[in-house]
Amino acid sequence: MIDLDRLIEQANAMAPFPASTVRLAQMAADPDCNLTDVAEVIAYDQALTLKLLRGANSAASASATPVTSVQEAVSRLGTSRLVALAVASAARPQLCQQIPAYGLDEGALWRHSVAAAVAAETMPNFCGTTVPSEVFTAALLHDVGKLIMGRFLSPDDLRFIAEARDVDHLSQLEAEALILGVHHGELGGLIAQHWDLPPRVVQGIIYHHNPTEGHDVVCDFTYLANEVAKQIEAGIEEGRGDFAISSEVTARLLTSPAQLDTLCTIATGRFAEVSLRYNAV
Amino acid sequence: MNTADFDFVRKYIREAAAIVLEPGKEYLVESRLQTLAREEKIATVDELVAKMRLNPQGDLARKVVDAMTTNETSFFRDLHPFEALKKTLLPELLKRRAGDRQLSFWCGAASTGQETFSVLMTIAEHFPELLGWNLSYLATDLCSKALARCTNGRFSQLEVNRGLPAQLMVKYFTRQGAEWEFRPELRKRVDFREMNLVRDWHRMPPLDIVFLRNVLIYFDVETKKAILAKVRKVLRPGGYLLLGGAETTFNLDDAFERVVLEKTTCYRVKNES
C-alpha cells in the first residue's frame, strides 16, 4: 500500500487554478448560465482573455474574420469549449510533464488529454443523449491523477502492479487499487476537488475507467473520450488499435454501435487541427 | 520473496483466517508485507518473516494477518443491494416485525465501516421510524485496526469520494480537519466487535439481515460451507443473507434459496415465506 496521507497532501499541494477559470467551470456546470456572464468573467482576467482569443483565432476555430473580442470568442466557440480551453491553459504546465512511471515522455500526457478533449468535442454529433458541459473538462483532465501517482510509484510498486495484471489478469486500474489502495482516477478526483471544479467533473475523472460505478452519464462520456483518445493516438501512429470498449457504455450513449468507428475516424481527422487551438492557449 | 517465506506466510494465514493464497500470489503477499515492514521499521520483508517465525503468536504475526485480510471497501458498494434493501427487504421486514418492533442486522466483514454506515444511512433516509424500534446492529471484522476506524467513524476525502453521494455526505458527515466524521448518534447504535468467522460465533443474536459480502471468495469450499451453515442457524425466519456479486450458496448449502430482486440476489432459508 502507498502512503495515502502523503498522496492526499501532495494532491492538496498542487498549484491552485486561477479564480476566473474555477468560476468559468462552475458557471458552465449551471444549466442557466448565459454567455454574457461568461464573457464578463473572462474579460476581467487579461491573461486569460489573451489566451482565449489566441485559441479562438487558431486554425481550428478561425474564420476569414479574426475574433477580436471576448463576446465573439464566446459565441464562436461556445461555453463548453471556452471553459475547456481555460482549464487547458491552467493545467498545461503540469500536463506537459514527463511521468516515467507510466511510460509517458514530456508532452505525452498533454497530447493524450487534448485527444480526449477533441473526442469530447466530436461526440455530440454521434450520441443519442446530450453531452453535459462538464464532459469537456473531465475529458481533458481525466488522467491528471497520474501526475501525483507517478511521483510515488517505486520500482517495486510497478513490479507488483505488472504482476497483478499478468497473474490475475487485472486491469491497470484494478491492479493499482489492489496494490496501492488507490487508483489514478481517484487521485485525479482529489486534485479536481482541490481545484474547486464542479462535482460532475470530479465524478467523470474518478470513474473514467469504471463508468458504471459512477452512476452519472458524465462518467460514461469521459470513459468514451478516453477510449476514443487512445484510438486517435493509435490511428495517428500506426493505424487503429483494438477497441475493447464497454458495450454497456456504447448502448447507453450511442444510437448504434457502428457509430463508434465513425466517431473515431472523424475525431482522428480533427485532432491535428483542434489541437492547434489547445496548443495556442 | 522466496518460496519458503511465501509458503510459511500462506500456511499461517490459512490457519489463522482460513484465507487461501494460491501460488502466484507472491506479489500480493510481498506488497502487503513490504508496507507493514515500512510501518514497523523493519528493513526487508525477509527480515519481517524471520521475526514472525520466531514468535508466531506475537503482535507482528497478528499484524501480518491484518495486512493480508484488509480489502477494498466503499460506501454503497455495488449499489444494487442497497436498492434491494430500500425497495424490498426493509419494507417486508417492517411489516413482518411490526409486532415486536425488533430488527437485527449483522455485517460480518465490516472492514473500516463503509458498508455498515451505508445501511444506517439507508435506514435513516427511508425508514426513520425504524430508529425508534429496538434496532440492533452488529459489525464485526477480523482486523482490530479496521474496527478501531469503524468506532472512530472518520474517513478521508478519498474514502468519502468512493460511492458516497454528496447530499448524504453533507447530511450525515461533519468535516473534522481533513477528515469527515459519520454522525455519532447513528454510529453509537452499532456494536463493533472483533470476530474471526472461522472460529466460534459467540453471543451471536438472532438476525434479520446478514451482510457477508465479498468475504466467502477468500475461503476454501469446506470453510464456505461451515460459515453458511452457521449463518442459517442465526437467521430469524424470513431473514435474508446478502453475499457479494461473485458469491453464491449454490452447491455449498442447498438449504438456502435465491431471491432475485432486480439487479441483485439475496438468499433466505427455504420453506419460509
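In this predicted model, E26(B) counts as buried because 20 C-beta neighbours lie inside 10 Å of it, and a residue is called buried once 20 or more such neighbours are found. This residue, E26(B), belongs to helix α2 of chain B. Setting aside residues up to four places away in sequence, E26(B) touches M1(B) and F6(B). The C-alpha atoms of E26(B) and D5(B) are 9.6 Å apart, although 21 residues separate the two along the chain.

Where do the contacts between chain B and chain A come from? Twelve residues of chain B are in contact with 18 residues of chain A. On the chain B side, the elements that give two or more residues are α2 and α8 (157-161). Of these, α2(B) provides the largest share, four residues. By type, the residues on this side of chain B divide into four nonpolar, seven polar and one charged.

Across in chain A, helix α10 (residues 155-168) has α2 (26-39) of chain B among the elements that cover its buried residues, together with α11 (172-180) of chain A. Which residues of α10(A) are buried? They are F160(A), I161(A), E163(A) and A164(A). Viewed down the axis of α10(A), these buried residues fall within an arc of 165°, so they line one face of the helix. On the face of α10(A) turned away from the buried side sit the exposed residues P155(A) and D166(A). Just after the helix α10(A), H169(A) takes a positive phi of about 55°.

Further along chain A comes helix α13 (199-206). Seven of the eight residues of α13(A) are buried, so this helix is largely enclosed by the rest of the structure. The buried residues are R200(A), V201(A), V202(A), Q203(A), G204(A), I205(A) and I206(A). In the loop between α13(A) and α14 (217-238) of chain A lies G214(A). Is G214(A) buried or exposed? With 21 C-beta neighbours inside 10 Å, G214(A) counts as buried. Leaving out neighbours within four places in sequence, G214(A) is in contact with Q203(A), I206(A), Y207(A) and C219(A). Two of these partners, Q203(A) and I206(A), are themselves among the buried residues of α13(A).

The axes of α5(B) (residues 80-96) and α6(B) (residues 114-126) come within 11 Å and cross at roughly 35°. The crossing of α5(B) past α6(B) is right-handed. From α5(B), the contact is made by F82(B), L85(B) and K86(B), and from α6(B) by S118(B), V119(B), T122(B) and H126(B). These contact residues divide into three nonpolar, three polar and one charged.

Definitions and conventions. Residues numbered from 1 in each chain as written. Chains lettered and ligands numbered in written order. Predicted model: local features only at pLDDT ≥ 70, side-chain atom pairs only at ≥ 80, totals over all residues. Axes fitted to C-alpha atoms, helices over the stretch in contact; angles between N-to-C directions. Left-handed = near helix turned anticlockwise from the far one by under 90°. Contact = placed C-beta atoms within 7 Å. Nonpolar A, V, L, I, M, F, W, Y, C, P; charged D, E, K, R; others polar. Buried ≥ 20, exposed ≤ 12 C-beta atoms within 10 Å, placed from the backbone. Arc of directions from axis to C-beta.
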